[in-house]
Amino acid sequence: MRLLVTGCCGFIGSAFLRRALADSGVERLINLDVLTYSGRRENDLEVRDDPRYRFVEGDIADAALVSSLFSEEQPTAIVNFAAESHVDRSLFAARRFVKTNIEGTLCLLEAARAEQERSGSPIRFVHVSTDEVYGDLGPDDPAFSETTPLDPRNPYSATKAGADLLVQAFAATHKLEALVTRSSNNYGPRQYPEKLVPLMITNAIDDLPLPIYGDGLNVRDWLWVEDNCAGVWAALTRGTSGEVYNFGGESERTNLDVVTGILSALGKPESLITYVKDRPGHDRRYAIDCTKARTTLDFTPGLRFEEGLERTVRWYVDNQDWWRPLKGVSFQEYYQQHYGKLGLST
Ligand code: NAD
Ligand code: DAU
């Protein structure tokens, strides 16, 4: 398999990279990543010396670049992780989310379609999406299944839903072997410290306030990042074209449960918890029914949440050189440093 994987300098993509290169069936792996603020420094990636690996710094929405990369490398499969991924940022920089998440995905689909027509061989296209596209659940609603109607409620999830529909349209109309995976909240090492788990761990280490939105009773389902990667790998190698697969951790927790778990793992006081103004349009509950992935892909959420959280806390305690330079920079500074440099607007 000649794999083009996008966004492998980010949290989930970097875990997927390690997993994919552990498979001898992968003869080539190209990582296309534009290195936004959340892209890990590429020279941190442990796989850099693998002769099958190549890094290309570039934007998935750059049609000329993507097209020339396809001509040069002739990938037989694509996995698309690259995205703007933070809901809070999408509230004030939605245009950037449309550009990467929708236009970028379309650009990859068009290049894959052209390559499939040129080579006459089927191309596999796995698009990595999110449970957020299904919208919001009440406390007693059944968990999201793959047939739950899409009902995105923030600019991030709206752009992810738009991309999912494009992927399914290309599977139907252009016979691309395309499929979509939708997972719940991932957690684990190397997540950018803006998301709930790493933000709270890194603040607690420094005895800073832990800002909980609203009443702290919003519920998320938590999935160990490597379990999601195992699911994406299974979809890539065994999934059925045109299908959607949900992956969840079967670990619904309130935000307050998560934060008190972190404080207890670090031996820090609950007085650090600070209730702040709620996120606009804050979805109350997400829950995932992953029966289809269990029965057709042998997917299992392997790691228990409490154990995964302990491991994650330990990683952030032991790897402060990794996250300290990323803390304390305002959103405006991020955008100037990263998007300004790239000549991109928000
Ligand atoms: P992340 O923000 O950590 O990483 C995103 C990566 O994509 C970064 O390396 C970034 O540089 C790269 N990127 C962004 N825009 C790009 C562009 N235009 N061209 C090329 N590269 C670009 O995100 P993550 O948490 O690793 O999420 C990966 C994927 O999984 C996303 O598609 C996200 O929507 C999805 N997802 C994430 C979660 C979660 O809990 N983190 C859950 C479900 C689905
Ligand atoms: O459900 C999958 C999604 O999970 C992914 O598609 C997104 O890429 C990922 O960012 C994540 O979205 P959430 O909005 O659920 O994650 P976040 O870590 O931003 O927030 C988790 C919960 O914690 C949510 O209810 C908001 C709350 N929160 C978050 C932050 C950053 C707080 O209470 N305080 C905070 O400071």
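**The ligands and their surroundings**

Ligand 2 is surrounded by 24 residues, of which the closest are Thr130, Asp131, Tyr156, Arg279 and His282. The structure is a predicted model, and the distances that follow are to be read as properties of that model.

Several side chains make polar contacts with oxygen atoms of ligand 2. In the side chain of Tyr156, an N or O atom is 2.6 Å from an oxygen atom of ligand 2, a polar side-chain atom of Glu132 lies 2.8 Å from an oxygen atom of this ligand, and for a polar side-chain atom of Asn255 the corresponding distance to an oxygen atom of ligand 2 is 2.9 Å. Taken alone, ligand 2 exposes 690 Å², and the protein buries 94% of that area. Two or more residues of the shell around ligand 2 come from each of helix H3 (87–90), helix H6 (196–205) and strand S8 (210–213). Sorted by class, the shell around ligand 2 holds nine nonpolar, eight polar and seven charged residues.

Ligand 1 can be described in the same terms. There are 30 residues around ligand 1, and the closest are Asp33, Ser38, Ser85, Tyr156 and Lys160.

A polar backbone atom of Phe11 is 3.1 Å from an oxygen atom of ligand 1, and a backbone N or O atom of Thr36 lies 3.0 Å from an oxygen atom of the ligand, whereas Ser85 contributes an N or O atom of its side chain, 2.7 Å from an oxygen atom of ligand 1. Ligand 1 taken alone exposes 840 Å², of which the protein buries 97%. The elements that give two or more residues to the shell of ligand 1 are H1, helix H4 (94–119), strand S5 (124–130), helix H5 (155–174) and strand S7 (185–187). Among these, S5 gives the most, with three residues. By class, the shell around ligand 1 divides into 11 nonpolar, 15 polar and four charged residues.

**Aromatic pairs**

We turn now to the rings. A pair of aromatic rings is described by the distance of the centres and the angle of the planes. With a cut-off of 6.5 Å between ring centres, the count in this model comes to 14 aromatic pairs. One of them joins Phe16 and Trp233, whose ring centres are 6.1 Å apart and whose planes stand at 50°, so the pair is tilted. Because Phe16 lies in helix H1 (residues 11–21) and Trp233 in helix H7 (residues 225–238), the pair ties together parts that are 217 residues apart in sequence. Phe16 counts as buried, at 0% relative accessibility, and Trp233 is also buried, with a relative accessible area of 10%.

Trp222 and Phe305 form another tilted pair, with 6.3 Å from centre to centre and 35° between the planes. Trp222 belongs to strand S9 (residues 219–224) and Phe305 to helix H10 (residues 305–318), so this pair ties together parts that are 83 residues apart in sequence. With a relative accessibility of 5%, Trp222 counts as buried, as does Phe305 at 3%. Trp222 and Phe305 are also members of one aromatic cluster, together with Tyr187 and Trp224.

**Charged and polar side chains**

Arg89 lies in helix H3 and, at 0% relative accessibility, counts as buried. Its charged end sits over the ring of Tyr37, 3.5 Å from the centre of that ring, and a polar contact of 2.9 Å joins the side chains of Arg89 and Tyr37. In a further arrangement of charge and ring, the charged end of Lys292 sits over the ring of Tyr245, 5.0 Å from its centre.

The side chain of Asn246 reaches the backbone oxygen of Phe144 at 3.2 Å.

Conventions: Residues numbered from 1 in each chain as written. Chains lettered and ligands numbered in written order. Predicted model: local features only at pLDDT ≥ 70, side-chain atom pairs only at ≥ 80, totals over all residues. Heavy atoms only, no water. Phe/Tyr/Trp six-rings, centres within 6.5 Å; stacked < 30°, edge-to-face > 60°. Helix = DSSP H or I, 4+ residues; strand = E, 2+ residues; numbered from the N terminus. Buried < 20%, exposed > 50% of the residue type's maximum accessible area, 1.4 Å probe, protein only. Lys NZ or Arg CZ within 6 Å of the ring centre and 35° of its normal. Near = heavy atom within 4 Å. Polar contact = N/O pair within 3.5 Å; in protein donor to acceptor, adjacent residues only side chain to side chain. Areas by Shrake-Rupley, 256 points an atom, 1.4 Å probe, with all protein chains shown as cover. Nonpolar A, V, L, I, M, F, W, Y, C, P; charged D, E, K, R; others polar.
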